[in-house]
Amino acid sequence: MLNGLETPKYPIVLAHGLMGFDELRLAGKLLPGIHYWRGITEALRANGIEVITAHVPAAGSLEIRAAQLSENILEKAGGKSVNIIAGLDSRYMLSQMKPPNVKVLSLTTIATPHRGSSFADYMFDRIGPSRLPIIYRALKAVGIETGAFSQLTRRYMQEDFNPRTPDRDDVRYFSYGATVEPALWSAFRQSHRIIMREEGANDGLVSVISSRWGGESGYKGTLVGVSHLDMINWTNRLRWLVWELTGHKRK
């Protein structure tokens, strides 16, 4: 994929999205761990690219995630300038926090809901305001923060977050969107249908329209036939996990 391209001079920071993690272990040391960026970090490093993986709270608010991201970069980058592949928390960090010891050259977002998601709107409407506190309490009881969920709605993103989170002139912003036509058995079939009706083409969670950021020159294209999980190599990774659990080894 990277053959023939010039190796980036500066490190790339990878920061996971909502409900992401560094490594997930479903049964302690009894089963292989699932690495969020597995396959992607290896491919980048194999091409001589320095990669920094950042860890932020899985479902913390954008403000909390941004603060943690800033600390991660400050700690791991060693004063180097960096390029970030991340999402909304990075936009907030760059715009509002402006960490003095973190030099960011560019931010690339992939299928990020810059204008919110109609599926988030749908879920909040279905749950209803009376049941929402009950669900939040249940999530917090098992250690899951909830600050990020309401920040995914179209109203919040378009009327609150975007107006107070302008881009910085000294950072280049790039973005990609994605589309998929989910199979009958796909977990994204229902969400895809809802978003298609409200926003058009989408990857099962985020529409192409919502993914666009950085102006006409900043939007680098739409990945076709790619779901939201495909973009972090999740579908292939889960196939390999099942393969390894059944006693097979990679060649």
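A: A salt bridge is counted here when a side-chain nitrogen of Lys or Arg lies within 4 Å of a carboxyl oxygen of Asp or Glu. Please keep in mind that this is a predicted model. With that cut-off, D121, R154, R197 and E198 are linked in a network of salt bridges.

Q: How many salt bridges does the structure hold, and which parts does the one between E50 and K80 tie together?

A: Side chains of opposite charge can pair when their charged atoms come close. The structure holds 9 salt bridges. In the one between E50 and K80, the closest N and O atoms are 2.9 Å apart. Because E50 lies in the loop between α1 (40–46) and β4 (51–54), while K80 belongs to the loop between α2 and β5, the pair ties together parts that are 30 residues apart in sequence. E50 counts as partly exposed at 36% relative accessibility, and K80 is likewise partly exposed, at 41%.

Q: How far apart along helix α6 are R155 and E159, and are they buried or exposed?

A: R155 and E159 form a salt bridge in which the closest N and O atoms are 3.5 Å apart. They are 4 residues apart in helix α6, so about one helical turn separates them. R155 is exposed, with a relative accessible area of 63%, and E159 is exposed as well, at 57%.

Q: Where do T112 and R212 lie, and what do they touch?

A: T112 sits in the loop between β6 (104–110) and α4 (118–127), and at 6% relative accessibility T112 counts as buried. Not counting residues up to four places away in sequence, T112 touches A86, G87, L88, V206, S210 and S211. R212 is found in the loop between α8 (208–211) and α9 (215–218), and R212 counts as partly exposed at 33% relative accessibility. Leaving aside neighbours within four places in sequence, R212 is in contact with H114, R115, S175 and Y219.

Definitions and conventions. Residues are numbered from 1 along each chain as its sequence is written. This is a predicted model: local features need pLDDT of at least 70, side-chain atom pairs count only at pLDDT 80 or more; totals for chains, interfaces and linings use all residues. Side-chain values use heavy atoms; hydrogens and water are left out. Helices (H or I, at least four residues) and strands (E, at least two) are DSSP runs, numbered from the N terminus. Buried means under 20% relative accessible area, exposed over 50%, partly exposed in between (1.4 Å probe, protein chains only). Contact means heavy atoms within 4.5 Å.
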